[in-house]
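Here are my notes on the model, as numbered points. Please read them with the structure open.

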Amino acid sequence: MSSLKKISLKDIAEAAGVSTALVSFVLNGKKKEYRVGEETAQRILKIANEMNYQPNLAAKSLRSGKTETIGLVVSDISNPFFSQLARVLEDEAAKRNYTVLFGSSDENKDKMDRVVGSLINKGVDGLIIVPCEGSEKIISSLVHNNIPLVLFDRYFSEINVSYVALNNFNASYVLTKHLLDVGYNAPCMVAYDVDLIHMKERVRGYKKAMSDVGKRNLINVAFLKQNTPKKSADRLLPKMIDSGADAFLFATNMISLSCLYTIKDMDKDVIEKIGLAGFDGNPVFDFFNVPISYIRQPIDILAQKSLEILIDSMDNGNTVQSVLAEGELVEMLA
């Protein structure tokens, strides 16, 4: 006889047509505290009973008592920036006797919803989330239900929630000015085609720097598909070179890596003349024969501030706080 499939919160959420987090609220007996409608709550309970759901009896709700655990949801744990964040945050949390539980959304809002629901079901006391595109409703729901929460790296200006991020506008402005100051005439920015604040601010900083030196007509932004960046780079970067671009400003570390694969196959004379700059250093840069200047994000400060704000929220209620930290230009010259 085959073993019975273990029913998950996701299974119940799909059957009920609600979010995983909402199912967790109801099954943890917090429907009133989180203002879940009676009809919805009864439907969830009925479905859970019919599916023979076996709850995790060790799980505690976010407000029924502290578990000394924090949930961290990043967009992509394979991204060096976020893996570094996870390590620093884990160390900082340990100093305060907190354990960090990790999850990755892979830039998918449905997976983010499932990961958040799972962390809530495990009884985390609060959440630090790197939100992905299209996750506004999920974040709004968490805020509405008074869950201690800090957004990291990205935020939604229309949602009143605490966040900690780099001052992306200034960072991109400084990086663009650096390329211009060392002699490049027409730097092109390479960004992702996503509607997220950090990306829009980096593009805005680039455009402002170009405009301020009278190069508005040379503004050139190439948008890569986030799910196929290498393929997009192979198609777009040669066009940028043909149109007169003499330098590239990469909007993220992962964009840098994707584009370097394309650039290394270009003609030698092009490679030797091209200017390169980006965000966050990478050991790979040391092996490329063109120097790559970059903005170093203060990861220790960002992690510490996000943790401080979250703990303050867990202890004293959801007082909204926001921090924009300044990056540091690391100049790599030939």
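**Notes on the core, the pocket and the rings**

1. Start with the helices around the largest pocket. Helices α4 (80-95), α8 (197-212) and α10 (253-263) each supply at least two residues of its lining. Helices here are DSSP runs (H or I, at least four residues), numbered from the N terminus. The top contributor to the lining is α10, with 3 residues.

2. A word on the source. This is a predicted model with residues numbered from 1 along each chain as its sequence is written. Local features need pLDDT of at least 70, side-chain atom pairs count only at pLDDT 80 or more, totals for chains, interfaces and linings use all residues, and side-chain values use heavy atoms, with hydrogens and water left out.

3. How big is the largest pocket, and what lines it? Its volume is about 310 Å³. The lining has 20 residues; N79, E107, Y192, T252 and M254 lie nearest the centre. By type, the lining divides into 5 nonpolar, 9 polar and 6 charged residues. Charged means Asp, Glu, Lys and Arg; nonpolar means Ala, Val, Leu, Ile, Met, Phe, Trp, Tyr, Cys and Pro; the others, Gly among them, are polar. A pocket is an open set of points on a 1 Å grid over the protein atoms alone, where a 1.4 Å probe fits, with protein on both sides within 12 Å along at least five of seven lines; lining residues have an atom within 4 Å of a point. The volume is the space filled by probe spheres set on the points, which are joined across faces, edges and corners.

4. Next, the nonpolar cores (buried Ala, Val, Leu, Ile, Met, Phe, Trp, Tyr and Cys residues joined through side-chain atoms within 4.5 Å). The largest has 88 residues, and L127, I129, I139, F248 and L276 touch the most other members. Apart from it lies another core of 27 residues, including L85, V150, A303 and V323.

5. Look at L276. Beyond its neighbours within four places in sequence, its contacts (heavy atoms within 4.5 Å) include L179, F248, F250, L260 and I263.

6. Now the rings. There are 5 aromatic pairs: Phe, Tyr or Trp rings (six-membered ring for Trp) with centres within 6.5 Å, stacked under 30 degrees between planes, edge-to-face over 60, tilted for the rest. F81 and F82 pair edge-to-face, at 5.2 Å centre to centre and 65° between the planes. Both F81 and F82 are buried. Ring pairs link F81, F82 and F152 into a cluster.

7. F169 and Y173 make a tilted pair, at 6.3 Å and 35°. Both lie in α7 (residues 168-181), 4 residues apart, about one turn of the helix. Buried means under 20% relative accessible area, exposed over 50%, partly exposed in between (1.4 Å probe, protein chains only).
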